[in-house]
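Me: I am new to this structure. Please show me how to read it, one feature at a time.

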Amino acid sequence: MRQAQTLSDAQLRRVIQYCRSRRHPTRDETIILTSFYAGLRAKEIAALTVGNVFDEVGNVRTQFILSAAQSKGGHTRTVYLNQRLRKALLEYSASIRTAKPHHALFASQKGGHFSANTLCQLFLDIYKAVGLKDASSHSGRRTYITRLANKGVGVRLLAELAGHSHISTTQRYIDVNAEQLSAAVELL
């Protein structure tokens, strides 16, 4: 199976711009940002609840625990939210119809949780609309891991952030390009 495309900053900006023209602009933009800035799988994004991300008084958490049922492989893991994603989530909170902790963070057309498949389709529809034929629901996750690796974050930390049991899995996510290879040899 072909690996999901990693996106450049310009491509991500195009995706965000397109999301703003959709029927649910804030929701769709925040879903994309959650993928790119928390590295979550579509299944994990679909399973998020209001209580995962917001505390009792409505503040965005700096981290939260994904339950075994919400994550892949039946393992709990801590998800850390960076400042940019926390800001987007705070803006998104104004459009949420409910503050009940057990309700879906990202509500589908029917008002409940997205299924993992439906959320994957949402990603594909958005990427296709902006001309990214090799992008998928895993593109944000792969871009997240690759960008952190390019900034010098070690593979052991990356594996923990991604929720991988084996660093060999994480290593397969890291995209390498000619520009990086050229810069690497200049370090000598």
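Reply: Start with a term. A nonpolar core is a set of buried Ala, Val, Leu, Ile, Met, Phe, Trp, Tyr and Cys residues joined through side-chain atoms within 4.5 Å. Buried means under 20% relative accessible area, exposed over 50%, partly exposed in between (1.4 Å probe, protein chains only). The model is predicted: local features need pLDDT of at least 70, side-chain atom pairs count only at pLDDT 80 or more, and totals for chains, interfaces and linings use all residues. Residues are numbered from 1 along each chain as its sequence is written, and side-chain values use heavy atoms, leaving out hydrogens and water.

Me: Which residues touch the most other members of the largest nonpolar core?

Reply: They are V15, I32, L89, L105, F106, L119 and Y127, in a core of 40 residues. Helices (H or I, at least four residues) and strands (E, at least two) are DSSP runs, numbered from the N terminus. Helix α2 gives the most to this core: six residues.

Me: What is in the second core?

Reply: This separate core has five residues, including Y144, I145, L158 and Y173.

Me: How many disulfides does a search of the whole structure find?

Reply: A disulfide is a pair of cysteine sulfur atoms within 2.5 Å. The search finds zero. For C19, the nearest cysteine sulfur is that of C120, 15 Å away.

Me: Is C19 buried or exposed?

Reply: C19 is buried, at 0% relative accessible area. C120 is partly exposed, at 24%.
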